[in-house]
Amino acid sequence: MRTAVVVGTGLIGTSIALALSRRGVLVYLDDADTTAARTAEALGAGSLEMPAGQVDLAVLAVPPASIGTVLARCQRDGLAHTYTDVASVKVRPHEEVRAAGGDPSRYIGGHPLAGAERSGPLAARADLFEGRPWVLTPSPLTDRSALNRGLELVSLCGGVPVLMDTDAHDRAVALTSHAPHLVASMMAARLEHAEAEHIRVSGQGLRDVTRIAAGEPALWSDILTANADAVADVLDGFAKDLERLIAVLRALPGAESEARRAAAADLQELLRRGNRGHARVPHKQRSQPAEYVAIPVAVPDQPGALARLFSTVGEAGVNIEDVRIEHSLDQPSGLVELLVESTSVAGVRRVLDANGWTMREKPLLVGEG
Ligand SMILES: NC(=O)c1ccc[n+]([C@@H]2O[C@H](COP(=O)([O-])OP(=O)(O)OC[C@H]3O[C@@H](n4cnc5c(N)ncnc54)[C@H](O)[C@@H]3O)[C@@H](O)[C@H]2O)c1
Ligand SMILES: O=C(O)C(=O)C[C@]1(C(=O)O)C=C[C@@H](O)C=C1
């Protein structure tokens with residue numbers, strides 16, 4: 001693949017664009033929100049100039065409900081030879097592509113099982129998909145060349161391709177992604193009005209269980225609406241376990257000893273079932289764990305300052321893996337931590353220094369806090 005357009009330069013689109021650009025693909029960026037597109041460009045994800053001719057692949061990284069209309073528009077404009085999307089559901093986009101008059105032979109549905117609870121290009125990372133499953137859903141109408149192009153995309157992004165039917169995909173992710181999201185949201189919702197004193201005494205467990213509840217509600221309602229029945233089926237089983245668990249917990253303190261023993265055995269069995277289920281969760285495989293270093297840079301609170309910082313780093317030919325921003329209220333500047341591969345640190349510090357940026361002395365190894 002030599003050329004690609006990424007439509008939707010948020011978390012997923014920009015991560016794909018960064019990965020492709022790194023592998024030498026010429027990437028063009030398009031987003032309804034020009035700030036998102038400009039930020040992705042400043043991160044080194046590609047170019048805002050639209051291509052003169054047809055590109056090899058267009059990747060639609062827009063919300064699920066927009067795939068059909070965006071694909072029909074792109075195909076009408078003859079933007080690309082082949083099209084794929086990354087939406088978290090697959091039945092509805094396939095149906096909408098047909099309903100919107102798109103050409104299904106040049107479209108292959110896709111869904112990388114990697115992401116984050118943050119949205120937008122600033123949350124993007126080039127290695128997001130490394131070692132992660134990436135489902136492709138060819139239909140009987142999909143051309144073999146489109147399937148091969150999809151496989152090439154997955155490979156360039158470091159993902160592991162999995163071919164599935166749209167139905168099977170949506171049922172699978174109802175269990176592994178969509179219902180877990182709602183369970184995390186429901187647990188996190190318990191905290192909304194909890195006493196601050198209580199929340200203060202929390203550890204990593206609460207963070208682990210609630211992390212994904214920070215996801216963008218508009219995107220998640222779109223995803224859940226498109227897969228509502230399958231998610232409700234998973235939650236039905238969950239609700240039965242929950243009902244049983246509440247009865248068991250209520251029985252534990254007060255019951256006669258035999259009933260108490262039965263309740264304790266039930267509780268243990270539920271916890272053991274949890275152990276067995278947890279043991280089946282696949283762990284992320286990475287070919288080579290990359291070591292990132294955070295370079296803290298003081299950035300003035302001025303329009304365009306972040307874009308200038310990113311393009312300075314881009315000039316050094318270095319990919320920014322992640323960005324953390326600490327806003328200091330009432331201060332004329334904030335602290336921005338640029339995460340880069342450890343091998344690039346010296347070059348980045350040199351180019352920042354030459355361009356007048358102020359850095360904190362010692363770079364932090366990620367995880368040092
Ligand atoms: N967030 C995740 O963890 C995750 C993981 C895998 C797949 N996905 C899927 O990836 C897609 C994008 O999600 P994201 O997390 O990157 O969201 P995001 O909000 O970070 O980015 C979406 C981008 O699409 C743009 N956009 C919306 N409608 C558009 C249109 N009609 N034309 C052009 N641009 C448009 C928005 O302006 C935004 O910049 C969704 O379909 C989602 O289901 C998300
Ligand atoms: O890691 C996360 O933050 C995610 O929620 C990513 C996650 C998931 O694993 O459920 C979320 C939605 C996607 O469609 C794919 C991946």
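This is a predicted model: local features need pLDDT of at least 70, side-chain atom pairs count only at pLDDT 80 or more; totals for chains, interfaces and linings use all residues.

Biologist: Fine. How many helices and strands does the chain have?

Modeller: The secondary structure comes to 13 helices and 12 strands. The C-alpha atoms fill a box of roughly 75 × 55 × 35 Å along the principal axes.

Biologist: And what share of the residues is buried?

Modeller: Of the 369 residues, 39% count as buried.

Biologist: On to ligand 1. Which residues come nearest to it?

Modeller: There are 26 residues around ligand 1, and Ile12, Asp31, Val62, Ser88 and Gly120 come nearest.

Biologist: What is the make-up of that shell around ligand 1?

Modeller: The shell of ligand 1 divides into 17 nonpolar, 7 polar and 2 charged residues. As for elements, α1 (11-22), β5 (107-112) and α9 (217-226) each supply at least two residues of the shell.

Biologist: Which polar atom of Ala32 is 3.2 Å from ligand 1, backbone or side chain?

Modeller: Backbone. A polar backbone atom of Ala32 is 3.2 Å from a nitrogen atom of ligand 1. Gly120 also uses a backbone N or O atom, which lies 2.7 Å from an oxygen atom of ligand 1. With Ser88 the side chain is involved: one of its N or O atoms is 2.7 Å from an oxygen atom of ligand 1.

Biologist: How much of ligand 1 does the protein bury?

Modeller: Taken alone, ligand 1 exposes 830 Å², and the protein buries 83% of that.

Biologist: Now ligand 2. Which residues are around it?

Modeller: The residues around ligand 2 include Ser88, His111, Pro112, Glu117, Ser177, Arg211 and Trp220. Its shell divides into 5 nonpolar, 4 polar and 2 charged residues.

Biologist: Ser88 again. What does its side chain do at ligand 2?

Modeller: An N or O atom in the side chain of Ser88 is 2.7 Å from an oxygen atom of ligand 2. So Ser88 has a side-chain polar contact, within 3.5 Å, with ligand 1 and with ligand 2.

Biologist: His111 is in β5, then. Is that strand covered or open?

Modeller: Mostly covered: 6 of the 6 residues of β5 are buried. Tyr107, Gly109 and His111 point one way, while Ile108, Gly110 and Pro112 point the other way.

Biologist: What does β5 pair with, and which way do the strands run?

Modeller: With β4 there are 2 bridges, and the two strands run parallel. With strand β6 (residues 133-137) there are 4 bridges, and those strands run antiparallel. The chain gets from β4 to β5 through helix α4 (residues 91-99), in a right-handed β-α-β crossover. On the β6 side, Gly109 has Thr137 as its bridge partner.

Biologist: And β4 itself, how many of its residues are buried?

Modeller: In β4 (residues 80-85), 5 of the 6 residues are buried. Strand β3 (residues 55-60) is joined to β4 by 5 bridges, and the two run parallel. Val59 has Thr84 as its bridge partner in β4. Between β3 and β4 the chain passes through helix α3 (residues 67-76), and this β-α-β crossover is right-handed.

Biologist: Last one, different place. Where is Val234, and why does it count as partly exposed?

Modeller: Val234 is in helix α10 (residues 228-254).

Biologist: How far is Val234 from Asp143?

Modeller: They are 91 residues apart in sequence and 34 Å apart in space, C-alpha to C-alpha.

How values were computed:
Residues are numbered from 1 along each chain as its sequence is written. Chains are lettered from A and ligands numbered from 1 in the order in which they are written. Side-chain values use heavy atoms; hydrogens and water are left out. A residue is near a molecule or strand if one of its heavy atoms lies within 4 Å of it. A polar contact is a pair of N or O atoms within 3.5 Å; within protein, one must be able to donate a hydrogen and the other to accept it, and residues adjacent in sequence count only if both atoms are side-chain atoms. Accessible areas come from the Shrake-Rupley method with a 1.4 Å probe; for residues, only the protein chains shown count as cover. Ala, Val, Leu, Ile, Met, Phe, Trp, Tyr, Cys and Pro count as nonpolar, Asp, Glu, Lys and Arg as charged, and the others, Gly among them, as polar. Buried means under 20% relative accessible area, exposed over 50%, partly exposed in between (1.4 Å probe, protein chains only). Two strands pair if DSSP finds at least two bridges between them. A crossover is right-handed if, with the strands pointing away from the viewer, the path from the first strand over the helix to the second runs clockwise.
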